[in-house]
Amino acid sequence: MKRFYFALTLPVTLLILAGCQEKKADPNTLDGKTLYNTYCADCHHRDGGGSFLEGIPANRYTSLSEKELITLIRHGKAQMADMPNFTNLSQQQARSIAKYLREELK
Ligand code: HEC
């Protein structure tokens, strides 16, 4: 009986651990893709396609410049008040995300 419970709890524990792991990017990473997938993909999706039904615009075709993106990410933009800002990200991290968005996801 004990073995049965173990067989049941092990995969569940692993799943929970894996779930936590995915969220926790190294807080100091400068890798744009990792940062994007951690902070932006929940809403905008990994491909930057957004979600029409949830009112999330695609961001992969954004016309914002790198500089504007960095500001949007870190401080928000009055006309885009529905988008959260990420004061925890450094200027360099925001730049990596902006580059990833403009150069790789487009
Ligand atoms: C909680 C959901 C959410 C998250 C997380 C999120 N966004 Fe957004 N984003 C939005 C919404 C909603 C808008 C539209 C804002 C508005 O029009 O008021 C938006 C707008 C944008 C736009 C403007 C698109 C255009 O029209 O040019 C860009 C670029 C963008 N987000 C990039 C990002 C980046 C980069 C991240 C990660 C650092 C991110 N977003 C995280 C919800 C989110």
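The model is predicted, with local features needing pLDDT of at least 70 and side-chain atom pairs counted only at pLDDT 80 or more, while totals for chains, interfaces and linings use all residues. Residues are numbered from 1 along each chain as its sequence is written, and side-chain values use heavy atoms, without hydrogens and water.

Then centre on the iron atom of the ligand, whose protein donors (N, O or S atoms within 2.8 Å of the metal) are NE2 of His44 and SD of Met83, at 1.9 to 2.1 Å. His44 lies in helix H3 and Met83 in the loop between H4 and helix H5 (91-105), so that the pair, 39 residues apart, links distant parts of the chain. The iron site has 6 donor atoms with angles of 87 to 179° and is octahedral, a label that requires opposite donors over 155 degrees apart and all others between 65 and 115.

Finally, turn to the polar contacts, which are pairs of N or O atoms within 3.5 Å. The side chain of Thr62 places a polar atom 2.7 Å from an oxygen atom of the ligand, and a polar backbone atom of Ala81 is 3.4 Å from a ligand oxygen atom.

Terms used. Polar contact = N/O pair within 3.5 Å; in protein donor to acceptor, adjacent residues only side chain to side chain. Donors = N, O, S within 2.8 Å, 3.2 Å for Na, K, Ca; no water. Tetrahedral: all angles 85-135°; square planar, octahedral: opposite > 155°, others 65-115°. Helix = DSSP H or I, 4+ residues; strand = E, 2+ residues; numbered from the N terminus.
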